[in-house]
Every structure is written in C-alpha cells, then in structure tokens.
Amino acid sequence: MPVINMVKALNQALHEEMERDDKVVILGEDVAQVGGVFRVTEGLLDRFGNKRVIDTPVSEAGILGCALGMALGGLKPIAEIQFSGFMHNGFHQLNCHAARYRTRSWGHYHVPMVMRAPIGGGIRALEHHNDSEEALYVQSPGLKVVFPSGPRNAHGLLLSAIRDPDPVMYLEPKRVYRAIREEVPEGAEAIPFGQAQLVHEGKDITLISYGAMLQESLEAADKAASELKVSVEVIDLLSIVPMDTETIINSVKKTGRCVIVHEAPQSCGVGSEIISRINDHALLHLEAPIARVCGYDIPYPFFARESGYLPSVPRILAAIRKTVEF
C-alpha cells in the first residue's frame, strides 16, 4: 500500500475521479503544464488533455464564474485558486450565485463544482498567502466547507466533494502538504461530510481542531498526558459545514471540559460557533469555561513573526492547564 503525502493523495483522487467520470474537468492558473502552484494537478494534462485540464488567465472571478457556468451546463468543474487569500476576487460568484442556485431555482438546478484552495500559514509565505478565512464561507449558506488534516482523509474527502451535487469549498492546509505521509490505498473509499474523527480518546478534557492544527493538538495532548497527567480527547472536525455536532456534544458530556484550536482570528470564528452549540446542548455538563487557542485579530504578520501568531503546543498546553485547574 503506497505511503504518500497530501499533495500525492489529492493528485491520486483527481486521477481516480477523472478516470471514473468524463464530466470532471479542472481549471485554474497554471494547473495544466505547470501542474499547479503546489503540483497537485501534475500529470493530469498528459493523461486527460487540454479539454479537461484547462489553464486560465489570472482572474479568480473569471475562474469561478466559468466553473459555475460549466456546472450549470452539465460538467463537474474543479476550480483551483492558487491561494485562498485570493478567493475574495471571486467571492461574489460563490456567495451570490453558486451557493444560491439550487434554492433560487426551486431545486431545478444544482451546481456540482469544487473550489480547491491552499489555506493557512506556517510556510513563511507572504501576507495574503497565509490567511485562514474559512468563517467567510461558513457564513455563505449553500456552500459546504471541507478542511482535511492529512493525506488519507484529504483523498477521501475530495472524492466526496467531486461527487457532491452542490458547491464545495475544499480548503487544503498547505503546511500539511508535504509534512505528513500516510498509507492511501488506490481506490480508497470516499469519506462522507459531517462526520468528525475521534483521533485520540481521553476522559479529562476535549480538544477540538481541524486542518493543520491537528498536529499541534495531538502533540499537546501527549505533553498533557506526560507533564500534567491529563487525559485529552482529540476531535478532528474534517468538515465545518456540515459540522458533526453529535460527536462534539458526546465528548464534552463525557469530559466536562473543552479547548478549541484554530489558526483563523478568534473573533466570530468557527470556535465561536462550536461554543454556541455546546452551550445549547451540553451547558450543564461543563465544569469549566470553554477556552480557545486561535490566531489573533490582526492581519497575518510577516514570516519573522508568524510562529508567534499561530497556535503553538505551549499555548495549547497552557489552555489545557487553565481549563483543568479551573
């Protein structure tokens, strides 16, 4: 069974779906001859030709608008945006059109398109290349928002995204692209949306994260066990819309304590929504206030300061200690 990184796993999923369904097409800047800015689409042009792997001008609004038209015309487009921070130029096409078409047409039209975009920091890139703006898409009803954390779930979730009848925002933590290698069997099954992964069982506190922050969370859980003698349950959301509320609530009812970790700015972020759901369904089970370890409410800093901006193992460990000792 091949052991590969996330870039190879995504490339494998694209190959498999394009072989399976000739309606699947890819478009974006440098996705054909170059193979994408991170080489996720490498080799697809040679295998499937320039009518299914299409280089576009530098125009995010144009890419997403074309993908929308292709989807309405019966194709299954996968649009690559080189960095999610550039998605804003095409946000109008997503929020005002792609996300609303099914409702607007009373179900007569679906928009089966996928928007792939690298997201988050940690690779010493420039400002607009590092933003984590997933909360914007969560606030766009009609969009599904998916956030893999490793090669195997990236592969399975991309299969589901391509087969979904509605638009899917598929956000790829580029810090993880080549940092982790896992077994990803060819022909592995699709992973359904809305099912979080219980990565590490524990009994004293629940740690909830997604994307690149899963690795920091797991390391913090190990340190909490050895240094604080605290048993940490770690949950990886995998998809933010739909969100697996049941797994979150069951875990918090068991542990009575919770820390949420994400690298996007804290105010009005995904963590706020998780806290709200816990308050709705498990308030009387809480034994301490819920803590958040997030990015700060500032523009993403230049790379010399990014290690101070991103949630770190010491910051997560401090939040665990404070919550357990409350």
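E17 forms a salt bridge with R20, and their closest N and O atoms are 3.0 Å apart. Keep in mind as you look that this is a predicted model. Both residues sit in helix α1 (residues 6–20), 3 residues apart, which is about one turn of the helix. Are the two partners buried or exposed? E17 is buried because its relative accessible area of 1% is under the 20% cut-off. R20, with a relative accessible area of 49%, is partly exposed.

A search of the whole structure finds 15 salt bridges. Side chains of opposite charge can pair when their charged atoms come close.

| Pair | Closest N to O distance |
|---|---|
| E17 and R20 | 3.0 Å |
| E172 and R116 | 2.6 Å |

E172 lies in strand β7 (residues 168–173), so its pairing with R116 in strand β5 ties together parts that are 56 residues apart in sequence. R116 and E80 are both buried, and E172 is buried as well. Elsewhere, a network of salt bridges links R102, K144, D164 and D166.

Now follow the chain to strand β13 (residues 258–265), which pairs with β14 in the parallel sense over 4 bridges. In β14, V293 is the bridge partner of V261. Together with helix α10 (residues 270–282), β13 and β14 make a right-handed β-α-β unit. Strand β14 (residues 291–295) is mostly covered, with 4 of its 5 residues buried.

Technical notes
Residues are numbered from 1 along each chain as its sequence is written. This is a predicted model: local features need pLDDT of at least 70, side-chain atom pairs count only at pLDDT 80 or more; totals for chains, interfaces and linings use all residues. Side-chain values use heavy atoms; hydrogens and water are left out. Buried means under 20% relative accessible area, exposed over 50%, partly exposed in between (1.4 Å probe, protein chains only). Helices (H or I, at least four residues) and strands (E, at least two) are DSSP runs, numbered from the N terminus. Two strands pair if DSSP finds at least two bridges between them. A crossover is right-handed if, with the strands pointing away from the viewer, the path from the first strand over the helix to the second runs clockwise. A salt bridge is a side-chain nitrogen of Lys or Arg within 4 Å of a carboxyl oxygen of Asp or Glu.
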